[in-house]
Each structure stands twice: as structure tokens, then as C-alpha cells.
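This report describes the fold and the charged pairs of one protein model. The sequence and structure are shown first, and the description follows.

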Amino acid sequence: MNRQQTGTLPDTFARALDALRGPASPSIAIALSGGLDSSALLHLAHGYARQHGLALFAFHVHHAISPNADAWLAHCRDSCAALGVTFDARHVTLAKGKSGVEAAARKLRYAALGELCGQHGVRLMLTAHHLDDQAETVLLQLLRGSGTAGLSGMDAANSAPELLGNPELVMARPLLPVPREALEAYVAAHAIGYIDDESNTDPRYARNALRLQVMPALAHAFPGFQERFARSAAHAQSAQRMLTELAAQDLAGCLADDTIDVAKLRAMSIDRVQNLLRHWFATRALRMPSTAWLGEMVTQLVEARHDAQLLVTHPDCHIRRHRDRLYITPKLAELAGLRDPDDEGVFVKYAQQFRWQGEAQIAFPNYGGTLYFDAAERGIDPVWLRAQALQIDFRKGGERLKPAVNRPTRSLKYHYQACNVPAWERTRLPIVSAGAALLFAAGIGMDCHHLASGAGPFIRFRWESDAA
């Protein structure tokens with residue numbers, strides 16, 4: 001690295017940050033570990049902030065993994081004090097005995113950085129990721145068998161609220177086009193002090209194994225491979241943008257009432273269906289499933305017979321099919337003490353007795369929701385209702401309800417079908433009775449036999465599930 005190249009680094013950084021920052025960012029922050037890369041970033045950001053009249057913050061995360069962690073924090077604090085940069089830190093603790101230390105530490109680190117940015121009112125945070133990091137990321141994703149999204153590598157800037165916990169925060173990487181050797185030369189030329197994390201030499205971590213063993217071999221056999229990897233990542237990003245655009249169009253054409261029309265999926269190729277479903281999961285902030293899982297899901301949910309009631313379990317939710325539509329439903333806890341696990345979900349315990357004493361609502365946690373008593377022009381006489389011994393229960397089978405005087409009495413199963421209530425929801429919808437008289441069925445409505453009108457107000461029941 002010659003002096004001319006070293007001297008252009010602040011200009012390269014400034015051009016990148018000008019494009020990322022926009023005109024309305026009165027402050028910026030950097031993630032400061034104290035290593036060579038982030039120490040170079042600290043000095044570059046300090047010069048830029050001073051030139052543009054910006055407030056600069058440096059945030060450090062203390063993981064308490066290394067015995068040197070306290071010394072690293074002190075080094076970062078002292079480095080910022082020497083430059084007059086506002087410094088803050090967070091302590092985080094990894095759960096003991098957990099595997100995946102790299103991923104767990106990364107998750108805690110970014111959550112802490114997001115909190116620090118929120119506390120100090122910062123909406124743009126810079127990290128020290130550089131060209132070699134991009135090459136490592138692309139190669140690591142390739143070794144994991146990732147698709148275009150993974151092979152796209154890191155963006156120059158993105159918001160990641162699920163990682164940072166702050167939807168207004170943008171994480172930017174102004175050094176992404178810069179090779180690490182340029183940072184090394186800059187640090188040496190300016191006599192910038194930094195710390196060495198001993199874990200960076202441990203080949204048990206995947207990135208370290210690539211950095212220490214694979215990348216030097218690639219550099220020897222294919223000089224400048226980092227730039228070519230970055231170009232491949234840019235091509236993958238372009239392809240992914242087109243796939244996302246196509247998926248958004250397909251999803252808009254298949255989506256109705258937040259469900260997907262399976263008949264329309266059947267007219268698409270398998271690749272296009274999987275692309276659509278991945279985008280659907282992304283819009284719902286669900287973890288991306290593996291290709292094998294997605295293929296099995298498509299087989300079960302799309303190719304089964306029209307009237308099949310199917311369920312596929314995703315790590316974050318359930319994917320269900322009802323009347324040729326796909327639903328994403330939450331994973332719900334079993335309702336306490338009510339379900340017989342040996343009887344295929346049939347509820348067998350006794351009903352819960354209660355009396356209404358004029359409350360606007362009564363919570364029934366064992367039934368998974370709250371029963372509301374709404375004032376209405378037509379409903380149950382409140383004087384009569386107060387005098388009744390009421391009970392809430394789940395249907396046992398055979399219950400019948402008449403919703404209006406001009407409509408016939410039908411089974412609850414018939415009403416659920418007519419109201420298009422999916423089968424999995426019916427088992428969690430309670431009924432309310434007074435003795436042998438059914439007054440209300442959640443998901444259907446009131447039975448008309450005890451409804452009155454006139455000089456009210458009267459009372460109508462309404463059920464809201466805790467999962468709603």
C-alpha cells in the first residue's frame with residue numbers, strides 16, 4: 001500500500017458517508033470494539049464529524065467473555081476521551097453452556113448497540129466492515145449452501161429492527177469497498193493504538209478458520225479475489241432485488257384477507273411458489289426456512305386434496321390450510337387443565353361456573369381470552385342475567401344455536417362452517433350457558449331465544465382471544 005493510496009482513505013470514507021448520511025443526520029455513532037478496524041473507523045469518523053459539524057458517539061459492548069474485556073473497555077474509553085468523542089458502553093452476558101457463541105454474542109451485541117443509539121437519539125450507526133469481511137461473508141454463505149439472499153453479502157446500509165430493536169436506526173458500512181490492508185496502512189501511518197482480541201486466532205470459529213487458513217491460500221492463488229467476490233455479491237444483490245420484486249407481485253395476486261389462495265399457487269412453477277412463500281415469511285418477520293423444509297411444505301399444503309385440513313409446523317408459527325387457503329397462525333400454548341392429551345384435543349373437564357355482576361368484562365385465562373358484556377339495543381335483559389348461574393365451557397358436541405328468529409336452529413359445527421371458522425380455531429372458542437340454555441358461542445354469536453329489545457340497554461356477549 002503506497003502513501004498515495006493511504007492518503008485517499010479519508011476521501012473514500014467521506015464520499016461513502018456523504019452518500020449514506022443524507023442531509024438530515026445531526027449525529028452519527030460508531031460501533032467500537034477497540035480492534036484495528038474499528039479504531040481506524042473512529043479516527044475517520046472523528047475527522048468527518050469535525051469537518052461537518054456533527055455530534056459523534058462511540059459505543060462499546062462488553063461481552064465479559066475474555067479476561068481482557070475490562071482492559072478493552074478502558075482502552076476504548078481512553079481513545080474517545082483523547083479525541084473528545086462521546087463514549088458509552090453496555091455490559092452483556094452470554095448464557096452459560098450454550099452452543100453457537102459467535103451467533104449469540106452477535107445478537108446480544110447488536111441489541112445493545114441498538115439500545116445505545118436509541119438512548120442517545122442516534123439514527124445512523126457505522127460499523128467497520130470492510131472488503132475482506134465481505135469476501136468472508138460471501139464464502140461463508142456459499143459453504144452454508146445459501147441462495148441469492150445469502151450470497152448477496154452485506155449491504156452498504158440497511159435497517160435491521162429485528163436485530164437492533166430500533167426501526168428508525170440505519171446501520172451503515174462506509175468501509176465496505178476498502179481492503180483491510182488499507183486500514184492497516186492508515187493505522188500505521190497515524191500511529192493509532194488498538195487492541196488484539198485473542199479469540200480472533202481461534203480456528204474453532206468459522207470466520208477465523210476462513211480468515212486464518214482459507215483466505216491466505218486464496219490470496220496466494222488468486223490475487224485480488226476479494227474484489228471479485230464483492231462483484232459476485234453485487235450481482236447476487238441485483239438478482240435478489242428482482243426475485244423480491246417478482247415475489248411481491250405474486251403475493252399481491254394471491255393474497256386475500258391475509259391468506260394465500262392455493263389454487264393460484266398451483267398455476268405457478270415450484271421455484272416461483274417457493275420464492276413467493278419466502279417473501280411472505282419475510283413480510284411477517286418469520287425466520288427463513290430451509291429449502292428442504294419449504295419443499296416439504298409445498299408438497300403437503302399445495303398438492304394435497306382440496307378439502308384436506310393440513311398443518312405444517314414452522315419454528316415460529318403454524319402454516320395451515322383451510323378451504324384451499326394458506327394461513328399463518330401463532331403457536332398457542334395449551335389451555336391450562338382443560339385438554340385431555342389422550343383424546344385428540346377433546347376438552348373433558350367441567351365447565352367453569354361464574355356470575356355476572358355488572359362487569360364490562362371478565363377474563364378467563366383457562367379458556368384463553370376475555371368475555372365482554374357490551375351494551376346493545378337488542379340483547380339479554382341485564383336484570384335476568386344477574387340472577388343466572390352462568391358457565392363457560394368448550395363444546396362437547398351436539399350443541400345447537402338459533403342466531404335469529406327467522407333462521408333455523410343448527411349445530412355449532414354447521415354455524416362454524418357457514419361462518420368460515422377454521423377447524424383449529426373452533427377447539428379454542430368457548431360457549432356460555434345458563435343451565436341447559438346455550439346463550440352464546442364465540443365465533444358465531446348470541447342465541448336469539450333470550451334476546452329482547454325495547455327500553456334497554458341490553459347486554460350482548462363478545463369474546464376476544466388472548467392470541468388475537
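## Contacts and overall form

Among contacts (heavy atoms within 4.5 Å) between residues at least 6 apart in sequence, 67% join residues at least 24 apart. The model is predicted: local features need pLDDT of at least 70, side-chain atom pairs count only at pLDDT 80 or more, and totals for chains, interfaces and linings use all residues. Residues are numbered from 1 along each chain as its sequence is written, and side-chain values use heavy atoms, with hydrogens and water left out.

The protein contains 17 helices and 21 strands; these are DSSP runs numbered from the N terminus, with helices being H or I of at least four residues and strands E of at least two. The C-alpha trace spans about 90 × 50 × 45 Å along its principal axes. The radius of gyration is 30 Å, whereas a compact globule of 468 residues would have a value near 23 Å. That radius is taken over C-alpha atoms, and the globule rule is 2.2 Å times the number of residues to the power 0.38.

## Burial

Of the 468 residues, 43% count as buried. Buried means under 20% relative accessible area, exposed over 50%, and partly exposed in between, with a 1.4 Å probe and protein chains only.

## Salt bridges

Side chains of opposite charge can pair when their charged atoms come close. The protein has 14 salt bridges, each defined as a side-chain nitrogen of Lys or Arg within 4 Å of a carboxyl oxygen of Asp or Glu.

One of them joins D258 and R284, with the closest N and O atoms 3.3 Å apart. D258 lies in the loop between β7 (255-256) and β8 (259-261), and R284 in the loop between α13 (270-283) and α14 (291-303), 26 residues apart. D258 is partly exposed at 44% relative accessible area, and R284 is partly exposed at 31%.

D324 forms a salt bridge with R266, the closest N and O atoms being 3.1 Å apart. Because D324 sits in the loop between β10 (317-322) and β11 (325-330) and R266 in helix α12 (residues 262-266), the pair ties together parts 58 residues apart in sequence. D324 counts as buried at 9% relative accessibility, while R266 is partly exposed at 38%.

## A pair between two strands

D374 and R462 meet in a salt bridge of 2.6 Å, N to O. This pair links strand β14 (residues 369-379), which holds D374, with strand β21 (residues 452-465), which holds R462; the two residues are 88 residues apart.
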